[in-house]
Amino acid sequence: MVQTLAAAGELQRDLQRELTYDGLRAAEAKGSKGGRRPAVAADKTGIVRTAYLEGRSIAALARDHGVSRGAIRTAVADLMPDHTAIEQEDAPAPELPVTLDMPGKVADFLRTAELEPAERAALDQGVTVRRGQGYTLRVTAVPAVHRQLLARCQPLDGAQGVRAVPAQRKARREYENRVSALVPPGP
């Protein structure tokens, strides 16, 4: 009886997590941005940025606008010397390989899919790690390959008229969360 109640609780938690992700994606699709609002209002950001470029100190700007120095630093982050030195380089920095755990259900699906040579090599070189009754595949690849693999397993989410299996959908979302935690692609 305890196992039945635990299984029902786990099912409810998984369903709630799925609904939360669906809501977040819907809000993101509408253009809604999560998180706190910036302390420096959008209409004052231009004034703060101009004053910073003219040589005003961060502390003085914070006193003038009644916000913290951190809020001013956030408003002018891309204008600060450390940030501009990175942007001035002509060649983008090469992406370094990252190791991510791919759920076994996602790996099984991708093994049957048509993949590019780099994607296939990353999948073949993955290390299997046993997890209870299932497994995860520890894949080491550059973030771009991880993003391509994630795009390839999109049908697991029930796209293209294919019925979604809840366990596969959950596994794909776990992998998506791990991939989205990586540094976003450049412009």
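## Report on a predicted chain

Helix 1 contains Glu18. This is a predicted model, in which local features need pLDDT of at least 70, side-chain atom pairs count only at pLDDT 80 or more, and totals for chains, interfaces and linings use all residues. Residues are numbered from 1 along each chain as its sequence is written, and side-chain values use heavy atoms, with hydrogens and water left out.

Helices (H or I, at least four residues) and strands (E, at least two) are DSSP runs, numbered from the N terminus. The chain has nine helices and three strands, and from the N terminus on these elements run α-α-α-α-α-β-α-α-β-β-α-α. Buried means under 20% relative accessible area, exposed over 50%, and partly exposed in between (1.4 Å probe, protein chains only). Of the 187 residues in the chain, 27% are buried. The chain exposes about 13,100 Å², and carbon and sulfur atoms supply 55% of that area; accessible areas come from the Shrake-Rupley method with a 1.4 Å probe, and for residues only the protein chains shown count as cover. Contact means heavy atoms within 4.5 Å. Among contacts between residues at least 6 apart in sequence, 66% join residues at least 24 apart.

| Residue | Relative accessible area | Class |
|---|---|---|
| Glu18 | 16% | buried |
| Ala51 | 12% | buried |
| Gly134 | 30% | partly exposed |

Not counting residues up to four places away in sequence, Glu18 touches Pro166, Arg169 and Arg173. Ala51 lies in helix 2 (residues 42–53). With the same exclusion of residues up to four places away, Ala51 touches Arg56 and Leu61. The C-alpha atoms of Ala51 and Leu61 are separated by 7.9 Å, and the two residues are 10 residues apart along the chain.

Leu61 is one of the buried residues of helix 3 (residues 58–65), together with Ile58, Ala60 and Ala62. The cover over these buried residues includes helix 2 and helix 4 (69–75). Gly66, which follows helix 3, has a positive phi, near 70°.

Helix 6 (residues 104–112) has Gly104, Val106, Ala107 and Leu110 as buried residues. These lie on the same side of helix 6 because they cover an arc of only 155° around the axis, the arc being that of the directions from the helix axis to the C-beta atoms. The buried residues of helix 6 pack against strand 1 (98–103), helix 7 (117–124), strand 3 (134–141), helix 8 (143–152) and helix 9 (166–180).

Gly134 belongs to strand 3. Its C-alpha atom is separated by 8.6 Å from that of Pro103, 31 residues apart along the chain.

The second largest pocket holds about 400 Å³ of space. Of the 17 residues that line this pocket, Pro103, Lys105, Ala167, Ala171 and Glu174 are the closest to its centre. On a 1 Å grid over the protein atoms alone, a pocket is an open set of points where a 1.4 Å probe fits, with protein on both sides within 12 Å along at least five of seven lines, and lining residues have an atom within 4 Å of a point. Helix 1 (2–30), helix 6, strand 3 and helix 9 each supply at least two residues of the lining. Helix 9 gives the largest share, five residues. The lining divides into five nonpolar, four polar and eight charged residues; Asp, Glu, Lys and Arg count as charged, Ala, Val, Leu, Ile, Met, Phe, Trp, Tyr, Cys and Pro as nonpolar, and the others, Gly among them, as polar.

Conventions:
Points joined across faces, edges and corners; volume = space filled by probe spheres on them.
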